[in-house]
2 protein chains.
Amino acid sequence: MTITVDLVLLTIRGGQLQVLLIRRGIPPFEGAWALPGGFVLDDEDLDDAAARELREETGLEPRHLEQLATYGTPGRDPRGRVVTVAYLALLPDLPSPVAGSDAAGAAWRPYDDVAAGGLAFDHDRILRDGIERARSKLEYTPLAAAFCPPEFTIAELRGVYETVWRTRIDARNFHRKVTGADGFVEATGGTAIRDRGRPAALFRRGPATLLHPPLMRPAVGNPLAGADDIR
Amino acid sequence: MTITVDLVLLTIRGGQLQVLLIRRGIPPFEGAWALPGGFVLDDEDLDDAAARELREETGLEPRHLEQLATYGTPGRDPRGRVVTVAYLALLPDLPSPVAGSDAAGAAWRPYDDVAAGGLAFDHDRILRDGIERARSKLEYTPLAAAFCPPEFTIAELRGVYETVWRTRIDARNFHRKVTGADGFVEATGGTAIRDRGRPAALFRRGPATLLHPPLMRPAVGNPLAGADDIR
DNA sequence: TGAATAGTGTCTATAAGACAATATCGG
DNA sequence: CCGATATTGTCTTATAGACACTATTCA
């Protein structure tokens, strides 16, 4: 059997959640969009393979990279039995769209434009699982900062939540909650004027890795949503 | 490369969290304890392979079986490059310890006796990850019922939390919270006398798959615990 | 000054946790 | 009745969310 890694690379650009996709130049699924990925080398750890792919596609060192899940349904790749280990990475808005990419057809695509389906292989499902992982991890980890540059304002951090969760959050309560949560963010002392209005204090990510208590997104209508038993 | 599945099978017996282990009869790690597992067949989905192993080891149909993570560090198996997809299953206390097992040396072992280490391959780490997954999923899913028989009392459900979390929970507040959470448990109408005292009402698992709000274990001292970035 | 954004204070509804009180069994 | 466990109720405190208010900038 063959082992590959596939990457769900997410960022926020222009107020939209975007995902890095590659336009396939060869069959199968020629011309279709796919998640970036590649083969795991013979003597390479899975995490290292994912980090290497990330470097090759974006020219970036991993900031947050975590294993998502593994997909191995027979027939998912028409060329033969391929098991893929999917990884999720969250990136700040990059200066150049895809710096240093070795894939000619790489592009950031708004998730909303892609969510309807049409990706190669089983990448629609992998992408959906990655989005859901990101959404839920914002609740109980300080991961939202991974979408931000090293120094950011509370309003920018709030924008991450609003974009990923597709909700509107009260700026004042959010400010109190985030600055009050132990180890979530640390003031740098600096300030910045992002738009009009009073300058905002700058923060960097704090040392916490878990939020107690979590920042909860509003309850999701019915309590039966989100089944995640055996796939 | 070779693909295997390994199972972290957890149950609660005698007030202890226990894990199903197999004593290895052949090298490598001959004589050591290991997680049950086996090869993924050429035309078999990963989830199906895990379910098949579960049946072979316990004679049971899966009640709760979920993918845990995938481990593929070169050298983790001295025989060659083997990538293993680990699964987590939660089982009620079984009548016969390991009914229908095809592995002669299978046994339930208290997690506390095994947590110190000594398992074959990288199974110490896989087991630890499985335990942590179970602990955290009790918070925001109704999964604790997977440790119980089809009908159970609230006190038994509370015992699951107390055992897995190693905490003591106020029986009265727990009762109110669990019976009040929408879709967590449903009264069957029956009652049962488990020990001395007033008979307890029997419940079965409800339709909810997520708890809103979650049942939180007490905050874990420092906020830096629980890192789970790239491994 | 006025518009705009940042940040603080206050109030209220809700939930969590402590714990009293009542219910129902076996002996 | 007594001891034990189940279940309900009450009280206190903490937190979430709504929203008034103040602060600081640019135009």
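**Protein–DNA close-ups in a predicted model**

**View 1. Base contacts to DNA strand C.** In this predicted model, B:Arg172 places a polar side-chain atom 3.0 Å from a base nitrogen of DNA strand C. This is a polar contact (a pair of N or O atoms within 3.5 Å). The side chain of B:Asn173 has an N or O atom 2.9 Å from a base nitrogen of DNA strand C.

**View 2. The surface near DNA strand C.** DNA strand C is surrounded by 20 residues; a residue counts as near if one of its heavy atoms lies within 4 Å. H5(B) gives the most, with four residues. The surface has ten charged residues (Asp, Glu, Lys, Arg), six nonpolar (Ala, Val, Leu, Ile, Met, Phe, Trp, Tyr, Cys, Pro) and four polar (the others, Gly among them).

**View 3. Contacts to DNA strand D.** B:Arg198 has a polar side-chain atom 3.2 Å from a base nitrogen of DNA strand D. Phosphate oxygens of DNA strand D lie 3.2 Å from a polar side-chain atom of B:Arg196 and 3.3 Å from one of A:Lys177. H5(A) gives the most to the surface near DNA strand D, with four residues.

**Notes.** Residues are numbered from 1 along each chain as written, and chains are lettered from A and ligands numbered from 1 in written order. Local features need pLDDT of at least 70, side-chain atom pairs count only at pLDDT 80 or more, totals for chains, interfaces and linings use all residues, and side-chain values use heavy atoms, without hydrogens and water.

Technical notes
Polar contact = N/O pair within 3.5 Å; in protein donor to acceptor, adjacent residues only side chain to side chain. Helix = DSSP H or I, 4+ residues; strand = E, 2+ residues; numbered from the N terminus.
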